[in-house]
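Please open the structure in your viewer and keep the selection panel at hand. The stops below say what to select and what is there.

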Amino acid sequence: MIALDETDRNILRQLQQEGRASVASLADRIGLSEAPAWRRVRKLEEEGYILGYHASVSRRALGLDVHAIVSVRFSSHDLSVADRFAEAIQAMPEVMSCHNVTGDVDYILDVVTQDLATYERFSLKLRSIPGVTSMQTHLSLREIKSSHILPV
């Protein structure tokens, strides 16, 4: 990875705020001409600092009213159990993120579904994954903060 200077950091901050910014607009905001701005953005993409460009979509507008944080425990810490779990999770569109964590649980999932009935069906699928011994669900009553912007 390249060492980031303040201009690179500024580019990352700007693109996190507005990923659809044109090169001309971005160049203007960071104080460069278009060609150097474009080269820096390409370099940041090539080096893996910029992974992609995405639209921020409202889950509620899509009717995804249930947001759950789910803790999962395994019966065994065998590598094949973790591999099967990871493969099954990849195929579940309800899972927004999945983290292998330290502490008294093995994984924490961020899950969205339309309603509680849909969540119940999801939880039955999750419990049926070989190796899953228990799960605990925390339903989000109100979202205080949700951000995709990393501190640069």
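Begin by selecting β1 and β3, which run antiparallel and are joined by seven bridges; strands here are DSSP runs of E of at least two residues, helices are runs of H or I of at least four residues, and both are numbered from the N terminus. Two strands count as paired if DSSP finds at least two bridges between them. Before going further, note that this is a predicted model, in which local features need pLDDT of at least 70 and side-chain atom pairs count only at pLDDT 80 or more, while totals for chains, interfaces and linings use all residues. Residues are numbered from 1 along each chain as its sequence is written, and side-chain values use heavy atoms, with hydrogens and water left out.

Within this pair, select Val66, whose bridge partner in β3 is Thr113.

Is β1 mostly covered or mostly open? Seven of the nine residues of β1 are buried, so the strand is mostly covered, where buried means under 20% relative accessible area with a 1.4 Å probe and protein chains only.

Now show the whole open sheet, whose four strands lie in the order β2-β3-β1-β4 with antiparallel pairing. At the edges stand β2 (95–100) and β4 (132–139), each with a single partner strand, so one side of each has no neighbour in the sheet. From one strand to the next the twist averages 20°.

**The helices**

Select helix α5 (residues 116–127), which packs on the sheet and touches β1, β2, β3 (107–113) and β4, contact meaning heavy atoms within 4.5 Å. The direction of α5 makes about 155° with that of β4; axes are lines fitted to C-alpha atoms, for helices over the stretch in contact, and angles run from 0 to 180 degrees between N-to-C directions.

Finally, select helix α1 (residues 6–17) and helix α2 (residues 23–30), which pack at an angle of about 130° with their axes 10 Å apart. The contact is made by Thr7, Asn10, Ile11, Gln14 and Leu15 of α1 together with Leu26, Arg29 and Ile30 of α2.

Technical notes
Buried < 20%, exposed > 50% of the residue type's maximum accessible area, 1.4 Å probe, protein only.
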